[in-house]
Amino acid sequence: MKESKRLKFPNKSLLLAAFATCIGGTFQCGYNISVINAPTMHVQAFINRTWSDRYQANISENALTLLWSTIVSIFTLGGLLGVTIGGTLSVKLGRKGTLLSNNLFSLTAALLMGLSSSVGLFEFLIIGRFLIGINAGIGLCVEPMFLGEISPTAFRGALGSGTSIFLTVGILSGQVMGLNEVLGEEQFWPYLLSTTCIPAILQLLILPWFPESPRYLLIDKGDEEGCKNALRQLHGLDDCDSSLEDIQKEKSNLAGFQAKKPWELFADRSLRWQLLTIIVINMAQQLNGVNAMYFYADYVFLQSGIPLDKTPYATVGTGACECFTALTCGLLIECLGRKVLITGGYILMSICCIFFTLTLAFQVIVQTCGVTNILNNELFTQTARPAAFMIAGTVNWLSFFLVGLLFPFIVIGLQHYCFLVFFVVCSSVAIYILLVVPETKNKTFVEIQNEFKSSEKASTSEGSGTTLLSTCL
């Protein structure tokens, strides 16, 4: 009987709620990472014309580069601000309430970027990219939290992988929309950038029909009836009672505890391994070389003999490969477990970095993925989770900014040895996860927390408070 429950397909309402959550969250983020690349030349020409009309002189090359890099990179600064407020909003407005309110940033950004050309203000592009960055930061903070809290334990990994799947689908969609055959022509670039309103509208139309996180309703708000109704809609009548028992157990475990602030997590010794783990894996998610390969893609394709006008199609092919990989990993998460998949992923990336160094002349791009967002969600209980996502998101966005800033200098300094830096990162993270992080597949949040506590006691009882790697094994 237990086996049949494990193989049971998720409730239709749960899948629709997950779709509505992801389309306005990580899909939006991925879309805005890639969509800005296609209209580069058109936007720069617009800036030049605007500058000339205002000051009766052409803009200098350095000033043009600075303005364009500001338009592109301010997205990451907006994302950083978004994660710092996302956790707080998720406690005050609820997970669903925060996701819905977050669309205000997206709609405003779409309006500003769409109007920038007609009103002759490139400043609208800067403000719009900053606002859509805030949207992405809040979405990346709250979406995996909401998905983890509405999912039954057996499907938490599979639904949690929706964050990476929709991120890659968003990247691919942005690349496709930027092709000349779609909206890549010069006269269409304002419409291309304003299409970011479409995912926001879809989420506003679909998500209100689904309930708030059951865990948030019972643990944070004390609304038992609301929690039961939410579980009936999301999990179905058959699984409602076991899910409710799960949440009540977590609530009794947290009796008397208030939602933690980020700085309080650093002071809580019982959470030190969970906190260190999310810092390590979120830094590694950006410093593993995959994003660097994206930055390096144009050079790779040109060196491979692909003409400049054909590189957008090669980039779409790269996005499609990553999309396929994310979908495949989503299917493997519940079969192999989190620990096996994420450790194997970093080992594979380490090997790829070696091959990159040895055969850089052949320029082969390798796509990988991980389960970082799922672990962010599973390693903490309700009162610590929002603060943990704020810390994880801050580390993630800062690392993202760091890669974009430093990678060109790494290439100049190390040349064909540049990927050895990422080999060190990937191999170190693989060893850390193998030795420290427990498997979380099919375990409740309370069970995962207790496993960390028992590991902490075990390491203490061995007589040395500094025995760091005797934790979860």
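Is Y191 buried or exposed? Y191 counts as exposed, because its relative accessibility is 52% (buried is under 20% relative accessible area, exposed is over 50%, and partly exposed is in between, using a 1.4 Å probe and protein chains only). Keep in mind that this is a predicted model, where local features need pLDDT of at least 70, side-chain atom pairs count only at pLDDT 80 or more, and totals for chains, interfaces and linings use all residues. Residues are numbered from 1 along each chain as its sequence is written, and side-chain values use heavy atoms, with hydrogens and water left out.

**The big picture**
- You'll find 24 helices and zero strands in this protein (these are DSSP runs numbered from the N terminus: H or I of at least four residues for helices, E of at least two for strands).
- The protein has 473 residues, and 53% of them are buried.
- Take the contacts between residues at least 6 apart in sequence: 83% of them join residues at least 24 apart (a contact means heavy atoms within 4.5 Å).
- The accessible surface is about 20600 Å², and carbon and sulfur atoms account for 67% of that (Shrake-Rupley method, 1.4 Å probe; for residues, only the protein chains shown count as cover).

**Aromatic pairs**
- Searching the whole structure turns up six aromatic pairs (rings of Phe, Tyr and Trp, the last by its six-membered ring, with centres within 6.5 Å; planes under 30 degrees apart are stacked, over 60 edge-to-face, and the rest tilted).
- One of them is F19 with F166, an edge-to-face pair with 5.9 Å from centre to centre and 65° between the planes.
- That pair ties together distant parts of the chain: F19 sits in helix α2 (residues 12-23) and F166 in helix α9 (residues 162-177), 147 residues apart.
- F19 is partly exposed at 33% relative accessibility, while F166 is buried at 18%.
- F188 and Y191 form a tilted pair, because their ring centres are 6.5 Å apart and their planes meet at 55°.
- F188 has a relative accessible area of 30%, so it counts as partly exposed.

**A spot on helix α6**
- S101 belongs to helix α6 (residues 95-119).
- With a relative accessible area of 38%, S101 is partly exposed.
- S101 and N135 are 34 residues apart in sequence, and their C-alpha atoms are 9.6 Å apart in space.

**Helix α20**
- I354 lies in helix α20 (residues 338-358).
- I354 is partly exposed, as its relative accessibility is 30%.
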